[in-house]
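Hi there,

Here is the structure I promised to pass on.

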Amino acid sequence: MSSAVLVLEDGRTFRGTTFGAQGRTLGEAVFCTGMTGYQETLTDPSYHRQIVVATAPQIGNTGWNQEDGEAASAQDPNKIWVAGYVVRDPARRTSSWRSTGTLQDQLEAQNVVGIAGIDTRALVRHLRTRGSMRAGVFSGDALGTSDEMLEQVVGQPSMLGADLAGEVTTGAGYTIEPTGDARFTVVAVDLGIKTNTPRMFAERGIRVHVVPSNTSIEQVLELNPDGVFLSNGPGDPATADTSVALTRQVLERELPLFGICFGNQIFGRALGRGTYKMKFGHRGMNIPVIEHTTGRIAITAQNHGFALEGEAGEEFDTDFGRARISHTCANDGTVEGVELIGGSAFSVQYHPEAAAGPHDAAYLFDRFTSVLQEKK
C-alpha cells in the first residue's frame with residue numbers, strides 16, 4: 001500500500017496508507033460513532049462534503065451489497081456521498097452472505113479517497129477538543145509538502161454558510177407507491193432524502209411524491225397532499241431560505257407537516273428560531289433523546305453538525321400558534337425536536353427511519369399517520 005496523509009486545518013497531520021482511491025479530497029472532518037452500518041453512512045446525502053472518521057476500529061467486515069444504499073436521490077442508491085473516509089483497520093476479508101464485493105473495491109470504483117492505519121482514537125479526541133474542521137486526504141500524485149497540502153485545506157470553504165441541499169436533491173420528482181391500498185398522499189421535499197424514508201411511509205399505506213428542494217407551494221398543492229414531509233440533508237440551515245418560505249406556506253394552509261434532521265432545522269426556522277453550528281455535532285447510532293411530554297427516552301441515529309436554539313420544554317409564540325421544544329439530547333441538552341402545541345406539525349433532529357438502526361423512534365411515522373387520519 002502507498003502512503004496517504006490526513007491534514008487538518010490547524011496543521012495537525014496523520015500519516016497512514018491509502019484506502020480506496022488515490023488522489024486528493026477536501027471536506028469537513030467529522031467522526032461517526034456507529035459500530036455498524038458503514039454502507040448506510042457512506043451513501044447518506046447528509047454527509048456530502050464531509051470526510052468521515054469511523055470510531056469503530058475495524059471497518060469493511062461485511063463488504064458491500066446492492067440493498068443497503070441510502071442515496072435515494074441519485075440514480076444509484078449506492079452512490080457514496082462522503083468526501084472521504086478515514087479508518088483504523090480495514091477488514092482483510094469480507095464475511096457476509098449478502099456481500100457482492102468489498103468496501104475497498106467500491107471506494108475505488110467511485111473514486112472516493114480515504115486513508116487507513118492511523119490512530120483514529122487520537123484523531124477523534126482532537127476533533128472533540130478542537131471541533132470539526134476543514135481537512136484533506138492526500139495520496140499518490142496529490143502528495144506534496146506539508147505547507148502545500150495545508151494551503152489547499154484552508155483554501156476550501158467552511159461548512160458554515162454552505163448551501164448544499166440543492167446539490168443532493170432529486171433532479172425530477174418521482175413517486176413511491178404504498179404497500180397495499182393508498183390511504184394518504186404525502187409530498188416529501190427532498191433536501192437529501194434517504195431511501196428508507198419513503199419505504200417507511202409506504203409500509204403505512206402512504207403514497208409519497210418526492211419533489212426537488214426548489215418546488216413551489218403551487219406545485220406541492222397540485223399533488224393534492226394530505227401532508228408534507230421535510231427530509232434530512234447537508235449544509236447550513238441558515239442558507240435554506242427557499243425551503244423555510246415553502247414551510248411557512250405549508251403551515252399557513254394548515255397542512256400536517258413532519259420533518260427529520262435538516263427538516264427539523266427548517267421547520268424551526270419557519271417558527272422563528274435561530275440555528276447555530278455545533279462544535280463537533282452528533283453522528284452515530286447510540287445517542288439518547290428525551291421526549292419531554294412523556295419522559296420517554298429513545299436511542300437514536302443522528303447525523304448533524306447544526307442545531308436549533310432552545311431549551312428543554314421551552315414554549316414560545318409563533319405566527320402559527322404556540323410551539324414548544326419537544327425533545328432534547330440527554331447527553332448535552334441540544335434541541336432534538338419541536339412541535340406546534342395542539343397542532344399537526346412536528347419535527348425531530350434524529351432519524352426515526354434509521355437504517356441500519358436503531359428503531360426506537362420508528363413510532364413517529366405512526367404518529368404522523370395518525371395526524372393525517374385526524375385531518376382527513
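Strand β2 is the largest contributor to the lining of the second largest pocket, giving three residues. A pocket here is an open set of points on a 1 Å grid over the protein atoms alone, where a 1.4 Å probe fits, with protein on both sides within 12 Å along at least five of seven lines; lining residues have an atom within 4 Å of a point. Strands (E, at least two residues) and helices (H or I, at least four) are DSSP runs, numbered from the N terminus.

This is a predicted model: local features need pLDDT of at least 70, side-chain atom pairs count only at pLDDT 80 or more, and totals for chains, interfaces and linings use all residues. Residues are numbered from 1 along each chain as its sequence is written, and side-chain values use heavy atoms, with hydrogens and water left out.

The second largest pocket holds about 270 Å³ of space, a volume being the space filled by probe spheres set on the points, which are joined across faces, edges and corners. Among its 16 lining residues, Phe-19, Pro-90, Ala-91, Arg-92 and Gln-104 are the closest to the centre.

The largest pocket has about 310 Å³. Its 15 lining residues include Arg-128 and Asp-332, two of those closest to its centre, and strand β15 (residues 275–291) supplies nine.

**Helix α3**

In α3 (residues 120–130), Thr-120, Leu-123, Val-124, His-126 and Leu-127 are buried, meaning under 20% relative accessible area with a 1.4 Å probe, protein chains only. Just after α3, Gly-131 has a positive phi of about 100°.

Best wishes

Definitions and conventions
Buried < 20%, exposed > 50% of the residue type's maximum accessible area, 1.4 Å probe, protein only.
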